[in-house]
Amino acid sequence: MELLRKFKETFFSILPIVVFVVIINFLLIPLGDLFPRFLTGSLLLFVGLTLFSFGADVALVPFGERLGSALVKKRSIPLMLVIGFFIGFIITIAEPDVTVLADQVVDINPAVNKTVFILLIGLSIGLFLDLGFFRTLKRWPMKWVYLIGYGLIFILAALFGGEFLSVSFDSGGATTGPMTVPVILALGIGVSHIVSGGEKEGGFGFVGVASMGPILIVLVLSIFLPDASSSAASSDLGAIGMTSLTSVLLFCLKETADAIVPLLAIFLLFQPLFFKGSARWVIKMLFGFVYTFVGVTLFLTGVKYGYINAGTYLGHQMIVQGYGGILIPLAFVIGAVIVFAEPSVQVLVKQVETVSAGHIKKSLVYVFLAVGVGLSVAFSIIRAMYGISMWYFIGPGYFLAVLLSFFCPQMFTGIAFDSGGVASGPMSTSFVLALAIGTSMGSGTDPMSDAFGLVGLIAMMPIVTVQILGIIVQIKERKSMKQQERSQK
Amino acid sequence: MKYLEGRLLAICVKKGQCDAAIGWAKTHGAKGATVMYSRSFSSHGFLRAIGLGDVEMELAVFLQEGTEDFQCSDFQKMGNLTGFALVLDRKENGMKKEFKLITAIVNKGFGDDVAEAARNAGSIGATVLGARGTGTAEDAKFLNVVLVPEKDVVFLVCPESISEKVVTAIRGVKELSAEGSGVVFQSEVSEFVKLGGPKAE
């Protein structure tokens, strides 16, 4: 049974993190009251992730693909740019993660106007989506776009970064939520379907390009802001609230509704104008949107109800009870297992397999992603424990990421930069971030500067590891080609 | 022009089963196969109605030149495959053909409508592949890039006795009534077997 297979698949993708926390609970740090909450949360996570994967297959991905090809099909540059911008703008300002990011920024510097900030982030995603469309059609090599983009980001960060350094790199990953990522990812794939020769890049790279927008805009914004130091801002971070399941559910219901309404509106608007799909297709899509909505709501409820508190508590207790030494390898394991439970990661990995017609195996991409995120979380915990500046990680990291793009097959570079935005999903922005905040509080470092930055690191390391995978695949292919040639002689 | 003598054996199974089938075929003389991802439909009307009827499939095509010693029915004996296998043969070997392969190439998104129309006409299942057309000379370039139309290719096998009815039903799909909506054609199937249990389509 197809449905049973899906349930099994999601079951095994959240099993690792659940087993991990259960072991910690019984062997190292008893979670106490938090443990039943964690189990309930895990159940919600399981059901939510399964429904989400139905929704992504049935609605989000086909919607994004059709949207991407529809915009190009009209053969009008102004139309493509205006509507492309509009889509990026609308789906971003509706994203709950962006509101959370805005709150963080206001915490750091009260001179920031929250509404203006959210609009600016939306603007940046809109503009960078346009860049994505333009780049694909103009066939600008991806590596140059990333070289220039991240070059600019680093110049700005070196000159004006300061207190905004961590949060700016976080914003790239944080603004792309579980519903926007599949759609943006599919946009590019849709474009590649109708462009002859599009199969070379496979349509990947849109999320990667879009992720640069918010980083740039936050850095540009910081130029114009007067210095203001954060003081009391971090005090309420990681406060352990024992909110009831119902109130968490209602909260997540509203957040998810906010994010899905613009997507649905765009779909309903585009159906008569561009898609002109059959009634059967529209009904299928609408069902898909329902699955997505219910799935994301349950998933987020599970994370917020069961995982955040557990994360903060674990991080804090590990340090207080003197387990700091083993926390770093444990952090690696947490990072490596959390990847499997991120909703958008499943979508990306599946797209990679589909676009390459099974040539690039799912399991291989998972392994390299897991290593990447594992390293990121380990680095983040080191930062949280010892208060090491973000520079020492993102400097070499992005240098390596851009450098590797000159040796890596184009399609893998696209997949790699996309996986940066994809890996930094709701699991890492909540559970793992809470763990880092707890660790930071336990170690006496400043969570605001030393725990934040984690999302930025999670968005960075997979770029490096997935490109390494690309290079390995290329070398292997060349070898087997040579062998074939030899055997033919 | 000299053609290779041979026939085409296609096997369509649930995603993940294809490698085993090809591996087995290779030990029986197959040189290799071309594998495509495709999509089929659940036999449950309810699941299809609520948008959960898609089944992921893998379609493998072997070109058999005579060195292979296996038939469609041998895949049936493997036991752990779910789907179907068929042989398209250019040669007339005098046998009465029981089954027809109907192929419809339509604009993207209408594959489901074709499959449903065929089902209503008595055919049991269909397999849809994403594909693209070549475009025509009139297709203006956009930013120096040639744009090509996206297509759905629908394959379905049905008994010879109802094939005309199925083709008529597909031609009757309301959304495909405009000129240039696609093509549909029939080919001869010399062997056809279902693999796996009754759920297989």
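Helices (H or I, at least four residues) and strands (E, at least two) are DSSP runs, numbered from the N terminus. The structure is a predicted model, in which local features need pLDDT of at least 70, side-chain atom pairs count only at pLDDT 80 or more, and totals for chains, interfaces and linings use all residues. Residues are numbered from 1 along each chain as its sequence is written, chains are lettered from A and ligands numbered from 1 in the order in which they are written, and side-chain values use heavy atoms, with hydrogens and water left out.

**Exercise 1. Confidence and chain B**

Look up the scores of the model, then describe the fold of chain B.

Solution. 
- Step 1: the model has ipTM 0.87 and pTM 0.90.
- Step 2: pLDDT is the predictor's confidence in each residue, from 0 to 100. Chain B has a mean of 85, with 89% of its residues at 70 or more.
- Step 3: there are 5 helices and 9 strands in chain B, in the order β-α-β-α-β-α-β-β-α-β-β-α-β-β.
- Step 4: buried means under 20% relative accessible area, exposed over 50%, partly exposed in between (1.4 Å probe, protein chains only). Of the 201 residues of chain B, 49% are buried.

**Exercise 2. The largest nonpolar core**

Which residues touch the most other members of the largest nonpolar core?

Solution. 
- Step 1: such a core is a set of buried Ala, Val, Leu, Ile, Met, Phe, Trp, Tyr and Cys residues joined through side-chain atoms within 4.5 Å.
- Step 2: the largest one holds 163 residues, and A:Phe63 and A:Phe169 touch the most other members. Helix H2 (residues 34-73) of chain A gives the largest share, 16 residues.
- Step 3: contact means heavy atoms within 4.5 Å. Beyond residues up to four places away in sequence, A:Phe63 touches A:Val183, A:Leu263, A:Ile266, A:Phe267, A:Phe275, A:Met285 and A:Phe289.

**Exercise 3. The largest pocket**

Solution. 
- Step 1: on a 1 Å grid over the protein atoms alone, a cavity is a set of points where a 1.4 Å probe fits but cannot get out, and a pocket is an open set with protein on both sides within 12 Å along at least five of seven lines; lining residues have an atom within 4 Å of a point.
- Step 2: grid points are joined across faces, edges and corners, and a volume is the space filled by probe spheres set on the points. For the largest pocket that volume is about 1500 Å³.
- Step 3: among its 50 lining residues, A:Glu65, A:His193, A:Thr354, B:Lys108 and B:Gly130 are the closest to the centre. H2(A) supplies the largest share of the lining, 7 residues.
- Step 4: Ala, Val, Leu, Ile, Met, Phe, Trp, Tyr, Cys and Pro count as nonpolar, Asp, Glu, Lys and Arg as charged, and the others, Gly among them, as polar. The lining of the largest pocket then has 21 nonpolar, 11 polar and 18 charged residues.
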